[in-house]
Amino acid sequence: MKTEQELQPDWIQELASSPFNEPMFTEKMKSSVLNSAANGSVKKGRKKRKSPTRLRVITASAFMILLIATVGGWRESPALQRMIPIKGLGYAAKWTPRNVYTENGVDKLQAVQGGDFTAGSPAGAWWNLLTPIQALEGKTIHITAVHRDTGTTLEELVETEITSDMAYDNFTRVSSRFALPLSGLWRFDVMVDQEKYGDIVVDVPDSSWEPSPSFRSGNYAMTGVEGRLGFIDPGFIANQPNKYMWHFWGRAEELKGDLLITAVKKGTTEIVDVFKTRISPYPHNGADAAIPTSMSLPSPGLWRIMVSINGQLFGSVIVEVDKPQD
């Protein structure tokens, strides 16, 4: 007897597959985006494409929402599942993932994220303002992000002057680190000279919750991401503070300023402040910077510990917190 999926028309089953013959973002492109966020990017032209009018976009979106709801029971699209209940078509459209912002039928803004961007992991992004540099040079750009489910707001890009080295063939490109602490829908508001230029909505997938591996540096075993960040790990017991020696790898300018350690527990969206201090380059145990901290996590389970420097997410470590012994 055929399954429900087998009884569906071929064109319905094809909706679940990728429309591309190969990955849209290679590891080389991901590396390029990350490097651009830190050091500036390499010029590359882009051919502008035409976009449908706002009315056609909304109509098509509404049709697809109803089609998927009727045929697939929403199971084919997690992003659409999170949009229920839909408070009117305007609400749905406002949070529909989109990498291109269109105004009066013309593409105005495009975002290109690096690689398989996930919560808690810096990936880098290009923000393509589809306006020639002559109209933007000397102005400032500022990008903020808001998380739909929690209202968490952060600064994706501090106010930055638009300069001639951001010019491309017929548009202007600005880079950022693109690092989000939570999975789910995020809206990025792009401001030019403190006026809204456009917005982008990104559905950020969750990262793996597999506890981070151990690696050796100097004479010590550490938990974290080798070559990026880690700490000498005596283990975690809920509500019991302990000392942890953090180590970081990176450029000197990345490792100087305000350091904030936060954490989020698997299955929750509450971001907990853990520790904050100042950091500066200080080679130690084979790392480019090191600093002692005291940390405590409030309950047992899997936690993502996130480190930010000067408001920018530097990286994260997954740990398992044990229950206190009776």
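Two strands pair if DSSP finds at least two bridges between them. Strands (E, at least two residues) and helices (H or I, at least four) are DSSP runs, numbered from the N terminus. The model is predicted: local features need pLDDT of at least 70, side-chain atom pairs count only at pLDDT 80 or more, and totals for chains, interfaces and linings use all residues. Residues are numbered from 1 along each chain as its sequence is written, and side-chain values use heavy atoms, with hydrogens and water left out.

**Overview**

- The chain holds 17 strands and 6 helices.
- The chain has 326 residues, and 43% of them count as buried. Buried means under 20% relative accessible area, exposed means over 50%, and partly exposed lies in between (1.4 Å probe, protein chains only).
- Take the contacts between residues at least 6 apart in sequence: 61% of them join residues at least 24 apart. Contact here means heavy atoms within 4.5 Å.

**The sheet E1-E2-E3-E6**

- Four strands make an open sheet in the order E1-E2-E3-E6, and the pairing is antiparallel.
- Strand E1 (100–103) and E6 are the edge strands, and each pairs on one side only.
- From one strand to the next, the twist averages 15°. Axes for such angles are lines fitted to C-alpha atoms, for helices over the stretch in contact, and angles run from 0 to 180 degrees between N-to-C directions.
- Strand E2 (residues 106–113) runs antiparallel to strand E3 (residues 125–129), and 5 bridges join them.
- Val112 has Trp126 in E3 as its bridge partner.
- The ring of Trp126 also has a charge over it: the charged end of Arg173 sits 4.1 Å from the ring centre. A charge sits over a ring if NZ of Lys or CZ of Arg is within 6 Å of the ring centre and within 35 degrees of the ring normal.
- Strand E6 covers residues 172–176 and includes Ser176.
- Ser176 is buried, with a relative accessible area of 2%.

- Another open sheet has 4 strands in the order E5-E4-E7-E8, with antiparallel pairing.
- E5 and strand E8 (195–204) stand at the edges with a single partner strand each, so one side of each has no neighbour in the sheet.
- The twist averages 15° from one strand to the next.
- Strand E4 (residues 140–147) and strand E5 (residues 153–161) run antiparallel, joined by 6 bridges.
- Thr140 has Glu161 in E5 as its bridge partner.
- E4 and E5 form a hairpin with 5 residues between them, and Gly151 in the turn has a positive phi of about 80°.
- E4 also pairs with strand E7 (residues 184–192), in the antiparallel sense over 7 bridges.
- His142 has Met191 in E7 as its bridge partner.

- Strand E13 (residues 257–265) pairs with strand E14 (residues 271–279) in the antiparallel sense, over 8 bridges.
- Val264 stands opposite Ile271 in E14.
- The hairpin of E13 and E14 has 5 residues between the strands, and Gly267 takes a positive phi near 85° there.
- E13 also pairs with strand E16 (residues 301–309), in the antiparallel sense over 7 bridges.
- Ile261 has Val307 in E16 as its bridge partner.

**Aromatic rings**

- Rings of Phe, Tyr and Trp (its six-membered ring) pair if their centres lie within 6.5 Å; planes under 30 degrees apart count as stacked, over 60 as edge-to-face and the rest as tilted.
- By this rule there are 11 aromatic pairs.
- Trp246 and Phe248 form a stacked pair, 5.9 Å centre to centre with 5° between the planes. Both Trp246 and Phe248 are buried.
- Phe248 and Phe314 form an edge-to-face pair, 5.8 Å centre to centre with 80° between the planes.
- Phe248 lies in strand E12 (residues 242–248) and Phe314 in strand E17 (residues 312–321), so this pair ties together parts that are 66 residues apart in sequence.
- Phe314 is buried, as is Phe248.
- Ring pairs link a cluster of Phe231, Phe236, Tyr244, Trp246, Phe248 and Phe314.
- Elsewhere, the charged end of Lys108 sits over the ring of Tyr197, 4.6 Å from its centre.
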